Protein chains: 2
Amino acid sequence: MHLGNGYGTHGAWRMPWVDPTSYTSFDAKVRHAQAAERGKLQFLFLPDGPSYVADVDNEPPHYNLDVMLTLAAVARETSRIGLVATGSTTFNEPFNLARQFKALDVMSHGRAGWNAVTSSGEDVAANYGKRVPARPERYARAHESIQLVQALWGSWGRDAWVHDQASGQFARGDEVVPINLSGEFVASRGPLYIPPSEQGQPIIFQAGGGGNGLELAGRYASGVVGATFSIEDARSQRAAIREAAERAGRDPDEVKFFAGLMTTIADDKRSGLDRRIKLTEHTFAQRIPYLGQMLGLHLDPARLDEPLTQEQLAAASPSPRDPRSALALKVAREGWNLRDILAHGVIDYHPVIAGPPVEAADHMQEWFEAEAVDGFWVSPDVYDDGIDAFVDGVIPILQDRGLFHREYEGTTLRDHLGVPAQYGLDPRIAG
Amino acid sequence: MHLGNGYGTHGAWRMPWVDPTSYTSFDAKVRHAQAAERGKLQFLFLPDGPSYVADVDNEPPHYNLDVMLTLAAVARETSRIGLVATGSTTFNEPFNLARQFKALDVMSHGRAGWNAVTSSGEDVAANYGKRVPARPERYARAHESIQLVQALWGSWGRDAWVHDQASGQFARGDEVVPINLSGEFVASRGPLYIPPSEQGQPIIFQAGGGGNGLELAGRYASGVVGATFSIEDARSQRAAIREAAERAGRDPDEVKFFAGLMTTIADDKRSGLDRRIKLTEHTFAQRIPYLGQMLGLHLDPARLDEPLTQEQLAAASPSPRDPRSALALKVAREGWNLRDILAHGVIDYHPVIAGPPVEAADHMQEWFEAEAVDGFWVSPDVYDDGIDAFVDGVIPILQDRGLFHREYEGTTLRDHLGVPAQYGLDPRIAG
């Protein structure tokens with residue numbers, strides 16, 4: 001099982017034990033990464049917009065100040081954990097993406113990964129004074145950009161950098177070659193002036209959905225981070241990605257599928273739910289009506305202390321428009337009151353565990369053994385202690401069950417994920 | 001006197017006491033920055049292309065792997081020194097520049113500066129699959145980009161970020177406002193999602209020449225790094241910049257002028273020249289004929305051990321096409337042989353001191369007291385010991401003479417350079 005890790009949820013800043021200025025604190029982010037590395041997690045995974053939250057009165061902006069500078073700090077102050085960040089192919093020059101991710105790869109001694117996504121938000125486009133291009137153009141540019149970036153990453157042959165002081169030969173010039181790629185949307189002559197890292201070059205991640213995202217994942221990705229709410233759906237997503245890799249001529253085992261998982265780890269179930277209530281109760285007034293839609297019921301936000309009545313449970317039917325509805329109904333049938341149903345995380349971005357460590361370990365084991373995932377992208381609830389609770393509580397159980405490694409297998413992200421070496425474009429897909 | 005600092009010369013990698021892999025070593029760059037901070041230098045200044053050296057067989061590429069990631073590492077491992085890097089306005093989106101420099105500013109607790117330049121090299125343009133735009137377009141885009149970046153930096157009012165855990169107010173939304181700027185070449189809606197740093201926002205540097213560069217410097221820059229070879233020329237460059245600032249309605253004391261200075265510090269003159277010969281002798285075969293052109297003479301590369309003859313000295317006349325020619329003739333008249341004339345650095349990018357610490361201190365005092373400069377951008381010869389030799393040898397002399405501070409005046413780059421606070425566009429130039 002492979003594990004990645006992101007940063008805390010948005011209500012976290014208000015918790016009394018949290019420094020409310022963590023939003024701008026690189027110290028906090030480094031500390032968090034070090035905790036994840038203590039737990040032997042294979043990688044950090046930082047999403048990015050860049051976009052802006054509309055409601056800054058009440059919540060912090062959703063993203064890192066800058067993912068690359070954050071990972072640069074983490075690279076210097078950790079030694080093993082992989083460093084993956086999102087970079088949009090829609091509003092960035094491939095040469096700039098290639099340069100920063102390869103520099104991060106060299107700086108971290110071979111631990112970088114690029115989550116290549118297209119940007120579909122008009123709020124992001126507006127930061128560049130542009131409109132979002134139509135989907136076909138976005139994905140055509142994404143293909144060109146990834147190929148171009150991988151080619152730039154491979155500008156230097158594996159053994160080109162000789163740095164021989166005696167003879168004065170710095171590099172073998174005939175093994176440092178321009179790439180001269182020109183597409184419909186992007187182009188570059190190159191070469192990039194950065195020698196190979198300890199893993200040659202960064203690996204590609206993918207996180208978009210749909211047929212276009214699947215094709216990108218199949219052709220280029222070594223890791224895919226997905227949003228999925230059931231074992232059945234996860235298994236079918238994973239199978240689709242593996243088939244897409246095979247269609248692209250690759251070994252499907254080279255693409256790992258990670259499901260999101262949000263954790264609130266506590267001593268017992270009641271403490272877990274209570275902690276999650278503290279974190280999210282400011283959202284309940286909005287979420288109760290939405291929970292009603294998911295269940296086909298009219299729910300009263302004033303009656304948070306009461307479970308659903310027998311009549312409501314009998315009349316409830318999960319909405320086919322939201323894949324989380326079945327789980328919400330299952331939790332409701334267990335007899336929890338409205339507040340506790342929401343504290344189970346039935347309306348969050350990913351499945352939520354709010355309870356003791358063994359509950360998270362059981363969930364992960366069940367999904368993993370069902371071949372629904374190769375691992376998880378774990379988002380603990382609160383910067384300052386959520387990752388520690390996961391690392392100290394859940395990881396030892398997974399290790400005792402033989403599901404998770406006790407030590408890193410090597411030093412690079414490719415080592416951690418079992419991804420083969422690559423210099424320049426993968427020759428199997430360069431055609 | 002204010003001092004900035006860059007990195008080593010290109011022959012440095014071959015010196016027996018230098019790690020030849022320093023080109024990719026962030027450890028080396030951090031160590032170097034820490035040495036500069038020990039000497040209380042006001043800022044690091046990292047030029048950037050990004051372009052590629054044609055002769056990678058014989059010399060390392062000229063630039064940092066990535067200036068922003070380098071400064072991110074330095075920011076985490078120093079506490080006072082200012083962090084200035086070049087970012088091209090020609091091939092970067094203003095929003096991306098704004099984001100990374102402001103994130104660096106927050107990360108370093110108010111120590112960032114942006115050297116805003118236009119890119120005129122076709123080799124740089126080719127990395128983006130483009131041609132270099134004509135000069136008027138490049139400078140029009142530069143003006144728009146700087147104004148837009150400064151406006152994005154000022155998106156958050158000085159007191160907008162309240163992060164009040166008790167009330168749940170994260171920020172005053174009415175003090176975090178879009179900028180909605182749209183020019184002929186670049187545009188952005190904003191806001192940028194980064195609160196003010198300890199210095200509010202980064203400061204602007206400028207390093208281009210000519211009338212266009214002068215206008216940029218006058219309107220926006222707090223620091224200008226110039227290439228100049230004589231006190232007279234430096235004084236006239238500095239006066240022109242100060243006049244440009246006045247024309248833009250600013251106090252000319254707000255713009256500091258820094259002249260480049262390259263140093264090879266040694267126990268005595270002979271050791272300094274010998275060290276510089278070791279560093280640069282691979283260039284002599286090319287440089288002797290060029291030295292001849294500078295002096296209007298035909299010089300024989302085979303006669304490195306001989307000074308110019310009386311006949312040659314009598315016939316020599318400094319070429320008006322190279323401002324370094326007069327100094328070259330002066331050194332030749334002192335009777336040095338050809339090898340030693342070159343070791344004086346008469347064909348380098350900036351004036352060179354190769355000798356004992358007092359020689360550098362005298363040079364700096366003379367220029368400073370002639371009001372030719374506000375300070376220097378010092379480039380020591382070799383990563384691994386050149387900055388230490390400068391800091392341990394030259395700085396104490398400058399301090400004893402009352403020319404250089406013994407401690408940082410504050411914690412931010414604005415503190416160090418005496419630059420007033422600014423939030424958003426300077427109202428005097430927002431016109």
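Colleague: How much area is buried between domain 1 of chain A and domain 2 of chain A?

Modeller: About 1,400 Å², with carbon and sulfur atoms giving 67% of that. Buried area here is the accessible area (1.4 Å probe) that two parts lose on being put together, summed over both. Bear in mind that this is a predicted model: local features need pLDDT of at least 70, side-chain atom pairs count only at pLDDT 80 or more, and totals for chains, interfaces and linings use all residues. Residues are numbered from 1 along each chain as its sequence is written, chains are lettered from A and ligands numbered from 1 in the order written, and side-chain values use heavy atoms, leaving out hydrogens and water.

Colleague: Which residues of domain 1 of chain A lose the most area to domain 2 of chain A?

Modeller: A:Phe229, A:Met262 and A:Asp381, together 47% of what the domain 1 side buries.

Colleague: And where do the domain bounds lie in chain A?

Modeller: Domain 1 is 2–262 + 361–430 and domain 2 is 269–351; such bounds come from an automatic or database domain assignment.

Colleague: Why are H3(A) and H5(A) called oblique to each other?

Modeller: Helix H3 (residues 94–107) and helix H5 (residues 135–153) of chain A pack at about 50 degrees, axes 9 Å apart. Angles under 35 degrees count as roughly parallel, over 145 as roughly antiparallel, 65 to 115 as roughly perpendicular and the rest as oblique. So H3(A) and H5(A) are oblique.

Definitions and conventions
Axes are lines fitted to C-alpha atoms, for helices over the stretch in contact, and angles run from 0 to 180 degrees between N-to-C directions. Helices (H or I, at least four residues) and strands (E, at least two) are DSSP runs, numbered from the N terminus.
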